[in-house]
Amino acid sequence: MENLDLAGLVVEKGPLLSRQQIALVRKRIRADLEAMAETEHNGWVAERVMAGWRYADIPEKDAIRKLHPLLLPYEKLPEAEKAKDRRPIIGYRPTSAAKKGEESKAVPGYIERLNQVGFRIVLAKPSGRTGAK
């Protein structure tokens, strides 16, 4: 996963991590969250463009004509849209005080989704390379 590489993390098969290990992984993810969210968004944009979608300055997507107002560089997105790109990375749990129009269902983050299928995210091991040939 390119996103995890950005944070110096890797996925491996294995048992659940301890709370302390999960805290370290979450700290690393939070430190690189914006870069990871941008990569997440860029992947979504690439999928749409390859499927024939195009950018249009319209209020809502037009599935029939394959036009979408969010096929933009990450830095040009409104903050609410950037938050949506962060959700699949760190997870999201709606609160009872959620504002109207906010996401109302829980979204598991990378750690939780991978744990469900027997994988875990760990800190990447140093390669041990010195750059000399």
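A: The model is a predicted one. A residue counts as exposed when its relative accessible area is over 50%, and as buried when that area is under 20%.

Q: Where does arginine 65 fall, exposed or buried?
A: Arginine 65 has a relative accessible area of 51%, so it is exposed.

Q: Which residue does the side chain of arginine 65 meet in a salt bridge?
A: The partner is aspartate 62, with an N to O distance of 2.9 Å.

Q: And lysine 66, what is its phi?
A: Phi of lysine 66 is near 55°, a positive value in a residue other than glycine. Lysine 66 lies in the loop between β2 (54-55) and β3 (67-68). Its relative accessibility is 32%, so lysine 66 counts as partly exposed.

Q: Changing topic: which residues line the largest pocket?
A: The lining consists of His41, Trp44, Arg48, His68, Leu70, Leu77, Glu81, Lys84 and Asp85. The elements that give two or more residues to this lining are α3 and α4.

Q: How many of the lining residues are charged?
A: There are 4 charged residues, alongside 3 nonpolar and 2 polar ones. The space in the largest pocket is about 200 Å³.

Q: Which salt bridge do glutamate 81 and lysine 84 form, and where do they lie?
A: Their side chains meet in a salt bridge with each other, at 3.5 Å from N to O. Both residues are in helix α4, 3 residues apart, about one turn of the helix. Glutamate 81 is buried because its relative accessible area is 19%, whereas lysine 84, at 44%, is partly exposed.

Q: What about arginine 48?
A: Arginine 48 forms a salt bridge with glutamate 47, and the closest N and O atoms are 3.6 Å apart. Its relative accessibility of 25% makes arginine 48 partly exposed.

Q: How many salt bridges does the count come to?
A: The count comes to 7 salt bridges. Glu34, Glu79 and Arg86 are linked in a network of them.

Q: Back to histidine 41: is it buried or exposed?
A: Histidine 41 is buried, since its relative accessible area is 3%. Histidine 41 sits in helix α3 (residues 33-50). Leaving aside residues up to four places away in sequence, it touches Leu70, Leu72, Pro73, Tyr74, Leu77 and Asp85.

Q: What covers the buried residues of α3?
A: The cover includes α1 (2-6), α2 (19-31), α4 (79-90) and α5 (110-116).

Definitions and conventions:
Residues numbered from 1 in each chain as written. Predicted model: local features only at pLDDT ≥ 70, side-chain atom pairs only at ≥ 80, totals over all residues. Heavy atoms only, no water. Helix = DSSP H or I, 4+ residues; strand = E, 2+ residues; numbered from the N terminus. Buried < 20%, exposed > 50% of the residue type's maximum accessible area, 1.4 Å probe, protein only. Contact = heavy atoms within 4.5 Å. 1 Å grid on protein atoms, 1.4 Å probe; cavity = no way out; pocket = protein on both sides within 12 Å on 5 of 7 lines; lining within 4 Å. Points joined across faces, edges and corners; volume = space filled by probe spheres on them. Nonpolar A, V, L, I, M, F, W, Y, C, P; charged D, E, K, R; others polar. Salt bridge = Lys/Arg side-chain N within 4 Å of Asp/Glu carboxyl O.
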